[in-house]
Amino acid sequence: MDFYFWAKPLNEVALAAFTSSADFRRASQRDMVSRLLLEVRLPDASGIDVLRELRAGGVVAPVIMISGHGTIADAVEAVQAGAFDFLEKPLSLERVLLTVN
C-alpha cells in the first residue's frame, strides 16, 4: 500500500511515493505538498490519523483519501477530518485526474 503526494516546485509537477506513513513523516518535502493521495489503511497507521496529523500541523493542501475496503463510515470520518474527497478502488485514471485537478 503506497500513498503519494504531488509538489509543484518551479511550475513543475513532482511525484513522490512512500510505502509507509513513517517514510512520509521523515520526508523533508512534506512542507511542499500541494495535493495528497492517501490510503485509508496503511501498513503502519491509519490514513485518517495521518490526515488529522497533517491538519494539526498546518498542512492545508487537498487530501484525497483512497481505499479498496472503505466504508461509508470511513468516508464520513475522512471528510470530517478534512479530506477533500474519498475515492474507492479500483481507481480510474479519469476520476483521479478529475479529482486531483
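The following legends describe close-up views of one predicted protein model.

The model is predicted, so local features need pLDDT of at least 70, side-chain atom pairs count only at pLDDT 80 or more, and totals for chains, interfaces and linings use all residues. Residues are numbered from 1 along each chain as its sequence is written, and side-chain values use heavy atoms, with hydrogens and water left out.

**Figure 1. The overall order of helices and strands.** The protein has four helices and five strands. Helices (H or I, at least four residues) and strands (E, at least two) are DSSP runs, numbered from the N terminus. Along the sequence, these elements follow the pattern β-β-α-β-α-β-α-β-α. Of the 101 residues in the protein, 40% are buried; buried means under 20% relative accessible area, exposed means over 50%, and partly exposed lies in between, with a 1.4 Å probe and protein chains only. Among contacts between residues at least 6 apart in sequence, 49% join residues at least 24 apart, where contact means heavy atoms within 4.5 Å.

**Figure 2. Strand S4 and its two partner strands.** Strand S4 comprises residues 63-67, and five of its five residues are buried. On one side of S4 lie Val63, Met65 and Ser67, and on the other lie Ile64 and Ile66, so that both faces are covered. Strand S3 (residues 33-39) runs parallel to S4 and is joined to S4 by four bridges; two strands pair if DSSP finds at least two bridges between them. In this pairing, Leu38 stands opposite Met65 of S4. Four bridges also join S4 to strand S5 (residues 85-88), and these two strands run parallel. Met65 stands opposite Phe86 in S5, and Ser67 stands opposite Glu88 in S5.

Figure 3. The chain passes from S3 through H2 to S4 in a right-handed β-α-β crossover. A crossover is right-handed if, with the strands pointing away from the viewer, the path from the first strand over the helix to the second runs clockwise. A right-handed β-α-β unit is also made by S4, H3 and S5.

**Figure 4. The packing of helices H2 and H3.** Two packed helices are described by the angle between their axes and the distance between the axes. Helix H2 (residues 47-56) packs against helix H3 (residues 72-80) at an angle of about 10°, and their axes are 10 Å apart. H2 is therefore roughly parallel to H3, the term for angles under 35 degrees. Axes are lines fitted to C-alpha atoms, for helices over the stretch in contact, and angles run from 0 to 180 degrees between N-to-C directions. Ile48, Leu51 and Arg52 of H2 meet Asp74, Glu77 and Ala78 of H3. These contact residues divide into three nonpolar, no polar and three charged.

**Figure 5. The loop between S5 and H4.** Most peptide bonds are trans. The bond from Lys89 to Pro90, however, is cis, with omega near 0°. Pro90 is placed in the loop between S5 and H4, and Leu91 lies in this loop as well. Leu91 is partly exposed, with a relative accessible area of 36%. Residues up to four places away in sequence aside, Leu91 touches Ile66 and Val96. Leu91 and Gly68 are 23 residues apart in sequence, and their C-alpha atoms are 8.9 Å apart.

**Figure 6. Asn101, after helix H4.** Asn101 belongs to the segment that follows helix H4 (93-100). Asn101 is exposed, with a relative accessible area of 74%. The C-alpha atoms of Asn101 and Arg35 are separated by 9.3 Å, although these residues are 66 residues apart along the chain.

Key. Angles under 35 degrees count as roughly parallel, over 145 as roughly antiparallel, 65 to 115 as roughly perpendicular and the rest as oblique. Ala, Val, Leu, Ile, Met, Phe, Trp, Tyr, Cys and Pro count as nonpolar, Asp, Glu, Lys and Arg as charged, and the others, Gly among them, as polar.
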